[in-house]
Amino acid sequence: MEVFRRKNDLKAFLADKKNIGFVPTMGALHEGHLSLIKRCASENEICVVSVFVNPTQFNDKNDLKNYPRTEEADLALLRANGCDAAFLPSVEEMYPEEDTRVFDFGEIGNVMEGPRRPGHFNGVSQVVSRLFDIVAPQKAYFGEKDFQQIAIIRSMVKQLNYDIEIVSCPIVREQSGLAKSSRNTLLTDGEKEKAVLISKTLFESVNFAKSKSVADVKQWVVDTINAEPILDVEYFEIVDGYTLQSIENWSDADYVVGCITVYCGVRPVRLIDNITYKKQE
Ligand code: AMP
């Protein structure tokens with residue numbers, strides 16, 4: 001595996017490569033990331049992985065400061081999981097000048113994470129488009145854990161006319177059901193145990209949904225999780241999986257997903273998860 005910190009060096013390495021797959025990450029790698037990396041390595045001649053904690057997507061300075069950084073361990077995991085080229089640029093390398101571009105994602109950007117993390121998806125699009133320009137992949141891999149992010153990336157790809165296939169990969173969970181996340185390392189063991197209630201409730205809600213209305217399921221999920229004192233639901237929306245707009249009836253969409261964000265513990269740590277209620281191919 002080659003390690004690059006300069007975009008021109010990576011570009012030169014990739015210049016004669018034909019079939020490039022790409023996985024953008026912020027590091028602190030876990031099995032969730034590795035599932036994307038393994039798939040990327042198996043489907044492409046060259047697998048490129050970036051590790052970059054992108055400041056422009058953090059609307060909370062403390063979150064940026066506390067974000068886990070584990071470069072040595074990340075490089076070892078990348079080497080062991082089929083990565084051919086690791087890209088670890090500095091902030092100056094990625095942003096020699098301020099990126100002032102403003103994206104408009106329409107209705108998909110105005111719900112859920114959109115209004116609650118102002119500027120977040122704009123920052124994600126700034127960095128991912130810059131990385132796409134450097135790597136020029138044929139395929140890029142993203143996790144469904146960040147469900148809204150995939151819709152945003154697809155919109156950005158359309159707007160900027162990239163010829164890149166966006167591959168979405170299923171959520172990888174701990175044995176307990178908790179969705180794997182770099183932020184889980186910020187939880188104490190006790191908090192991690194309690195956070196399992198989030199996925200447990202989402203799984204149970206699939207059964208509950210068979211006989212209850214959308215409104216009832218929403219209320220039940222929020223009440224069940226909030227009953228645990230260290231958990232605080234920020235939002236739980238049941239949405240059309242394509243438009244991300246809230247639905248009122250189960251029959252309103254062919255693809256129905258419940259998206260949740262929960263604050264956990266004293267720090268607190270912001271955890272996201274989602275569950276598919278219905279998907280008609
Ligand atoms: P991050 O490092 O958090 O920016 O994540 C990099 C990529 O890994 C994103 O596409 C995430 O959606 C994906 N990812 C993170 N956690 C998981 C998980 N538990 N399962 C699947 N994909 C994940």
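The legends below describe close-up views of a predicted model.

**View 1. The two domains of the protein.** The domain assignment places residues 2-169 in domain 1 and residues 182-273 in domain 2. The C-alpha centres of domain 1 and domain 2 are 26 Å apart. In the contact between them, domain 1 takes part with 21 residues and domain 2 with 20 residues.

**View 2. The area buried between domain 1 and domain 2.** The size of an interface is often expressed as the accessible area lost when the parts come together. Between domain 1 and domain 2, about 1,700 Å² is buried. Carbon and sulfur atoms give 58% of this area. On the side of domain 1, the residues that lose the most area to domain 2 are Met112, Arg116 and Phe147. Together, Met112, Arg116 and Phe147 account for 36% of what the domain 1 side buries.

**View 3. Polar and charged pairs across the domain interface.** The interface of domain 1 and domain 2 is crossed by 2 salt bridges. Arg270 and Glu113 form a salt bridge in which the closest N and O atoms are 2.8 Å apart. Across the interface there are also 8 residue pairs in polar contact.

**View 4. The side of domain 1 that touches domain 2.** H8 gives the most, with 3 residues. By residue class, this side of domain 1 has 9 nonpolar, 5 polar and 7 charged residues.

View 5. The backbone of Met26 places an N or O atom 2.9 Å from an oxygen atom of the ligand. For Val172, a backbone N or O atom is 2.9 Å from a nitrogen atom of the ligand. Lys180 likewise has a backbone N or O atom at 2.8 Å from a nitrogen atom of the ligand.

View 6. The structure holds 15 salt bridges. One of the pairs is Lys139 with Glu43, whose side chains meet at 3.4 Å, N to O. Lys139 belongs to strand S5 (residues 139-143), and Glu43 belongs to helix H2 (residues 31-43). The two residues are 96 residues apart, and the pair links distant parts of the chain.

Terms used
Residues are numbered from 1 along each chain as its sequence is written. This is a predicted model: local features need pLDDT of at least 70, side-chain atom pairs count only at pLDDT 80 or more; totals for chains, interfaces and linings use all residues. Side-chain values use heavy atoms; hydrogens and water are left out. Domain bounds come from an automatic or database domain assignment. Contact means heavy atoms within 4.5 Å. Buried area is the accessible area (1.4 Å probe) that two parts lose on being put together, summed over both. A salt bridge is a side-chain nitrogen of Lys or Arg within 4 Å of a carboxyl oxygen of Asp or Glu. A polar contact is a pair of N or O atoms within 3.5 Å; within protein, one must be able to donate a hydrogen and the other to accept it, and residues adjacent in sequence count only if both atoms are side-chain atoms. Helices (H or I, at least four residues) and strands (E, at least two) are DSSP runs, numbered from the N terminus. Ala, Val, Leu, Ile, Met, Phe, Trp, Tyr, Cys and Pro count as nonpolar, Asp, Glu, Lys and Arg as charged, and the others, Gly among them, as polar.
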